[in-house]
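The sequence and the coordinates are shown first, and the points follow by topic.

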Amino acid sequence: MSSPASATNSSATAVASTIAGGSASAGPAAPEIDQQAFVYHISLLVLAFTALLFVLRIPRAFIRLLHWSEFSQGHILRYVSFNSRRRSPRIVHVTHDRTTAKEAASSDQSHTYQSHSTHIQRVDEKGSLMVMKYPTHIASCPSFLRGLASELSTRLAPGYSLAQGICAVVYLACWIYPTLYKSNPFTDPVRAGWVGIAQLPFVFAFGTKNNVLGPFLGMGYEKLNFMHRMAGRIMLVAVNVHSLGYIYNWFIQDPSIYWGVIGLVSIDLVFFFSTSFWRTRVYHFFIASHISGFSLLLAACWMHKQDTHPFVLAAIGLYAFDHLMRCVKTRIQTATIRPIPQLGSTRLELPHTNAGWRAGQHVRLRVLSSGMGILGWSEVHPFTIASAHRSQEGMVLMIKKAGDWTTKLYDIAESGMHSEAGVGTNVKVMIDGPYGGPGHSIPSSHSAAVFVVGGSGISYALSGIQELINKDLKGKSRIKIIELIWIVQTPAALVPLVPTFSAMIQQSAFTPVRISVFYTRAVTGKFPFSKDFFHPRLSLSPGRPKISNMLEATISKTVTLGAGIKDREAHTGLMVAVCGPTALADDVAREVQKIDPVRRDQVGGVEIHEDAFGW
């Protein structure tokens, strides 16, 4: 027989067990699950799935590592001298000159303004023939899975593909299982609490600019943002379920309950202010609420239960690593800005930063000027780099007027053009990057490339095409043909870029570059170009492009084009790069999906790279 004291202790133990998530019931007690260990092992399972994705990408990562120029770029911005002895000059030698101007204009095998035959060769500074060093191509998927890969690109919602949906559902299922296995969320709120706290490291791992998963998966932070949102939503629901299950404990004088309520309010506010309504209208308030909300949440979780400390420390470590890398990647320099009225954009040049990025990457820009307003210095905006690596002009950004901040920057640039010098305005800027980009993919390893861009998305195409041309002149590109499709509102947008486009066409001695510009608004006033103004490889047309027809034409040219020595190589696929609004990216993805499987196999597969605007 037990004493009253022991009975009291037994009762207290039963109550404590109930509060801790156990259940006091008559009969033999079932083996209790160590809930913390259970959820911890589910976290390891999620990491195992991530590791599996990395294993599938190892071949591409390994090939990129072998091509050091591809692997070493895209991490740290820097300046390199053009007088370095390691930069051997390359020239293009024309061996014959017998093609007429008329033939040159109609021939796919003559790619410059001057008439010439196709007997042109790459020679080094000593006059010796250059040895071709084509990059090894690893397809994004095996040929027998191309049909499946095409289906996975199906759009479920604007900006979201079926592949992303599957990843999100698998991640959700991984956490539904530990929530419901031998547990009732309404009577066992502790399990939901552990599921919620376990999301902390994943929320930071998927959401930070310099996350630790991106380099292994070959994906920029913007490509993993949908998983950041999914982990955040799971955390939101789990924390709310956990807190609601403990409402009855509010009457108990337990300080840990108070901290739990603070954590609940924090995560709810973070979610509320991260919806699209707030992100698109008051973005900086969204950022401020995110930082303050998560800071309070981490503190609340730390004070709530001691067992949560490992998860909190993991989140803090990921966040600290991100900001440490931001400091390493940040540069403060003087930039020159000029207005481009026809594009409604500001051209920003950084002559002292000319290396360290890959085509398609972007930087985060902060302008340190009083002309940006009292709080203008605090705003940071991402912009795609518009110049190629190691260009004479340095890094160039094309900043479209799309809000108060970009309009103020344009006004500063415009005011500088009215000064006596009239050559631009110098401003102090802080740049952080580069970020994003093609990941483990090597664009120059494909057989053809099509760039579909809208408006200011031309920045991506300018850097991407110029980089492909530069590599081709050095004999380091498999690309046979490059197509650029640019969609603008008015034909006047083409005016400031005509010299750039003309230079690209002239430089592409071995790989033809075709540029098709489409304008969507009716022309008012005088048309900016004469009928005979354009080069045969540069066209301007009203309306919207028929993407499917242009993709089919590119595939036909790729498999039949006489590209000399490149014809001896197997077809290594078509790269379709799209940069612009989400609607444009979705449209292009749908057109790529419609490509006939036979044509897809003939060209060696089709791979799409997206860089869509917006949040």
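Lys-182 is exposed, with a relative accessible area of 65%; exposed means over 50%, buried under 20% and partly exposed in between, with a 1.4 Å probe and protein chains only. The model is a predicted one, in which local features need pLDDT of at least 70 and side-chain atom pairs count only at pLDDT 80 or more, while totals for chains, interfaces and linings use all residues. Residues are numbered from 1 along each chain as its sequence is written, and side-chain values use heavy atoms, leaving out hydrogens and water.

**Backbone exceptions**

- Lys-182 has a phi near 50°, a positive value in a residue other than glycine.
- Lys-182 is found in the loop between α6 (162-180) and α7 (189-207); helices (H or I, at least four residues) and strands (E, at least two) are DSSP runs numbered from the N terminus.
- Arg-390 also is not a glycine and has a positive phi, of about 65°.
- The loop between β8 and β9 holds Arg-390, and this residue is partly exposed, with a relative accessible area of 29%.
- Gly-433 and Pro-434 are joined by a cis peptide bond with an omega of about 5°, and Pro-434 lies in strand β10.

**The chain as a whole**

- The protein chain has 19 helices and 16 strands.
- Of its 615 residues, 48% are buried.
- The chain exposes about 30200 Å², of which carbon and sulfur atoms supply 62%; accessible areas come from the Shrake-Rupley method with a 1.4 Å probe, and for residues only the protein chains shown count as cover.
- Among contacts (heavy atoms within 4.5 Å) with a separation of 6 or more, 77% are between residues 24 or more positions apart.

**The antiparallel sheet**

- An open sheet of 6 strands has the order β8-β7-β10-β5-β6-β9, with antiparallel pairing; two strands pair if DSSP finds at least two bridges between them.
- β8 (381-384) and β9 (395-400) stand at the edges with a single partner strand each, so one side of each is left without a neighbour in the sheet.
- Neighbouring strands of this sheet are turned by 40° against each other on average, direction ignored; axes are lines fitted to C-alpha atoms, for helices over the stretch in contact, and angles run from 0 to 180 degrees between N-to-C directions.
- Strand β7 (residues 361-368) pairs with β8 in the antiparallel sense over 4 bridges, and Val-363 has Phe-383 in β8 as its bridge partner.
- Helix α14 (residues 404-417) packs on this sheet, where it touches β5 (330-340), β6 (345-350), β7, β8, β9 and β10 (425-436). The direction of α14 makes about 70° with that of β5.

**The parallel sheet**

- Another open sheet has 6 strands in the order β14-β13-β12-β11-β15-β16, and its pairing is parallel.
- Its edge strands, β14 (538-542) and β16 (606-612), each pair on one side only.
- Strand β11 (residues 448-454) and β12 pair in the parallel sense over 7 bridges, with Ile-485 in β12 as the bridge partner of Val-452.
- β12 is joined to strand β13 (residues 513-519) by 7 bridges, and the two run parallel. Here Trp-486 stands opposite Val-517 in β13.
- In strand β12 (residues 481-488), 8 of the 8 residues are buried, so the strand is largely enclosed by the rest of the structure.
- In a regular strand the side chains alternate between the two faces of the sheet.
- From β12, Ile-481, Glu-483, Ile-485 and Ile-487 point one way, whereas Ile-482, Leu-484, Trp-486 and Val-488 point the other way; all are buried.
- Helix α17 (residues 547-560) lies across β11, β12, β13 and β15 (574-580), running at about 165° to β12.

**The contact of α7 with α13**

- α7 and helix α13 (residues 309-329) pack at an angle of about 10°, with their axes 8 Å apart.
- The two helices α7 and α13 are therefore roughly parallel to each other; angles under 35 degrees count as roughly parallel, over 145 as roughly antiparallel, 65 to 115 as roughly perpendicular and the rest as oblique.
- In α7, Trp-194, Ile-197, Ala-198, Leu-200, Pro-201, Phe-204 and Ala-205 meet Phe-311, Val-312, Ala-314, Ala-315, Leu-318 and Tyr-319 in α13.
- By class, this contact of α7 with α13 has 13 nonpolar, no polar and no charged residues. Ala, Val, Leu, Ile, Met, Phe, Trp, Tyr, Cys and Pro count as nonpolar, Asp, Glu, Lys and Arg as charged, and the others, Gly among them, as polar.
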